[in-house]
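Please look through the sequence and the model below before reading on.

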Amino acid sequence: MSKQIAIVYFSGYGHTQRMAEAVAQGAGATLVAVDAEGNVPDSGWATLAAADAIVFGAPTYMGSVPWQFKKFIDATSRIWYTQGWKDKLAAGFTNSASMNGDKLSTLHYLFTLAMQHSMVWVGTGMMPSNSKAATRNDVNYVASFSGAMATTPSDASVDEMLPGDLETARLFGERVRAVANRFNA
């Protein structure tokens with residue numbers, strides 16, 4: 001039986017949404033958007049409750065998640081209190097304008113959220129593209145193991161996101177789907 005996967009994300013400029021769509025394509029997942037006021041509709045909460053795996057996605061702003069996503073996270077305290085997400089799979093992804101941009105801090109934040117909810121974290125399962133022959137458009141060029149990362153210059157449109165970063169996101173979604181289908185919780 002195929003597992004239900006949900007992706008809950010916030011996107012300030014559209015880049016993280018495009019990344020969420022790529023992860024969803026690979027995972028066969030349902031998207032739940034956090035709106036500009038940090039809210040999720042009731043139907044989104046129901047989707048998250050029914051999911052076997054939840055993938056968290058947020059851009060990296062100032063070394064962490066933006067306030068809108070933090071508001072969503074704080075609202076999950078009701079779920080935490082009843083351990084409603086216990087033993088669900090969790091994963092995360094982020095995007096920032098700089099190659100480093102402290103994206104790992106954002107993934108650590110999402111990982112800590114998952115651990116507080118007693119979830120089980122899924123990393124990328126991808127080797128990095130870190131040889132001299134590697135090009136910026138290779139899969140996992142940003143070289144993350146904790147979750148998918150993308151780098152989009154601050155003046156780049158959504159349509160200018162690199163195919164390699166989007167393919168990394170899609171493959172990450174496939175990885176979450178494969179682990180979810182093997183996980184018997």
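Which residues do ring pairs link into a cluster? In this structure, which is a predicted model, the residues joined in that way are Trp45, Phe69 and Phe72.

## Aromatic rings

Across the whole structure, a search finds four aromatic pairs. One of them is formed by phenylalanine 56 and tryptophan 85, whose ring centres lie 6.1 Å apart with an angle of 45° between the planes, and this pair is classed as tilted. The two partners come from distant parts of the chain, since phenylalanine 56 belongs to strand E3 while tryptophan 85 is found in the loop between helix H4 (77-82) and strand E4 (89-96), 29 residues apart. Phenylalanine 56 has a relative accessible area of 0% and is therefore buried, and tryptophan 85, at 2% relative accessibility, also counts as buried.

Phenylalanine 69 and phenylalanine 72 form an aromatic pair that is tilted as well, with 5.3 Å from centre to centre and 55° between the planes. Because these two phenylalanines are three residues apart in helix H3, about one helical turn separates them. Phenylalanine 69 counts as buried at 0% relative accessibility, and phenylalanine 72 counts as buried at 1%. As for tryptophan 45, the charged end of arginine 78 sits over its ring, 5.0 Å from the ring centre.

## The nonpolar cores

The largest nonpolar core has 27 residues, and those with the most contacts inside it are Val8, Phe56, Phe69, Phe72 and Trp85. Two or more residues of this core are given by each of strand E1 (5-9), helix H2 (42-50), strand E3 (53-57), helix H3 (67-75) and helix H5 (103-116). Of these elements, H5 provides the largest share, which is four residues. Apart from this core lies another one of 25 residues, among them Met19, Ala20, Ala22 and Ala24.

What does valine 8 touch, if residues up to four places away in sequence are not counted? Its contacts are Val32, Val34, Leu48, Ile54, Val55, Phe56, Gly57, Phe69 and Phe72.

## Threonine 151

Threonine 151 has its place in strand E6, which covers residues 148-151. Is threonine 151 buried or exposed? Its relative accessibility is 8%, and because buried means under 20%, threonine 151 counts as buried. When residues up to four places away in sequence are left aside, threonine 151 touches Asn95, Ser96, Ala97, Ser98, Met99, Lys103, Arg136, Val142 and Asp165.

Note on methods: Residues are numbered from 1 along each chain as its sequence is written. This is a predicted model: local features need pLDDT of at least 70, side-chain atom pairs count only at pLDDT 80 or more; totals for chains, interfaces and linings use all residues. Side-chain values use heavy atoms; hydrogens and water are left out. A nonpolar core is a set of buried Ala, Val, Leu, Ile, Met, Phe, Trp, Tyr and Cys residues joined through side-chain atoms within 4.5 Å. Buried means under 20% relative accessible area, exposed over 50%, partly exposed in between (1.4 Å probe, protein chains only). Contact means heavy atoms within 4.5 Å. Rings of Phe, Tyr and Trp (its six-membered ring) pair if their centres lie within 6.5 Å; planes under 30 degrees apart count as stacked, over 60 as edge-to-face and the rest as tilted. A charge sits over a ring if NZ of Lys or CZ of Arg is within 6 Å of the ring centre and within 35 degrees of the ring normal.
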